[in-house]
Amino acid sequence: MGVLSQVVLFPLAPVRGVVWIAERVRDMAEEEMCHPSVLRARLAALNEALESGAIGPEEFDREEDRLLDLLERSGGRGAGAGVRTP
């Protein structure tokens, strides 16, 4: 970046900083929401909602598929996460 462009774009530096911070916060939030333990807890809550009648089977299947896909993409650490096999 040349000196002239740095001088012209200098007033935008705070905006770029705020955007950078917002992107980092978003990335961390997405990472936390896709953590295997969070996803398993959401699956458990989904099962309870189905058993209590709060949601129907179609909604359950749709949400379960979405959560299982997220769990699979979170590193392949599915239901056996934390269990080591020799």
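Tutor: A network of salt bridges links Glu23, Arg24, Arg26 and Asp27. A salt bridge here is a side-chain nitrogen of Lys or Arg within 4 Å of a carboxyl oxygen of Asp or Glu. The structure holds four salt bridges.

This is a predicted model, in which local features need pLDDT of at least 70 and side-chain atom pairs count only at pLDDT 80 or more, while totals for chains, interfaces and linings use all residues. Residues are numbered from 1 along each chain as its sequence is written, and side-chain values use heavy atoms, with hydrogens and water left out.

Arg24 takes part in two of the links described here. With Glu23, Arg24 forms a salt bridge whose closest N and O atoms are 4.0 Å apart. With Asp27, the closest N and O atoms are 3.6 Å apart. Arg24 and Asp27 are separated by about one helical turn, because they stand three residues apart in helix 2 (residues 13–33). Helices are DSSP runs of H or I with at least four residues, numbered from the N terminus. Asp27 also meets the side chain of Arg26 in a salt bridge, at 3.2 Å from N to O.

Next, the accessibility of these side chains. Buried means under 20% relative accessible area, exposed means over 50%, and partly exposed lies in between (1.4 Å probe, protein chains only). Arg24 has 31% relative accessibility, so it counts as partly exposed. Glu23 is partly exposed at 31%, and Asp27 is partly exposed with a relative accessible area of 31%. Arg26, at 46%, counts as partly exposed.

Leaving aside neighbours within four places in sequence, Glu63 is in contact (heavy atoms within 4.5 Å) with Arg42 and Leu46. The C-alpha atoms of Glu63 and Leu43 are separated by 8.6 Å, the two residues being 20 apart along the chain.

As for confidence, pLDDT is the predictor's confidence in each residue, from 0 to 100. The chain averages 82, and 85% of the residues score at least 70. Helix 3 (residues 36–52) has the highest confidence, at a mean of 92, and helix 1 (residues 3–9) the lowest, at 80. Over residues 77–86, pLDDT stays under 50, and the model has seven contacts beyond four places in sequence for that stretch.

Key. Helix = DSSP H or I, 4+ residues; strand = E, 2+ residues; numbered from the N terminus.
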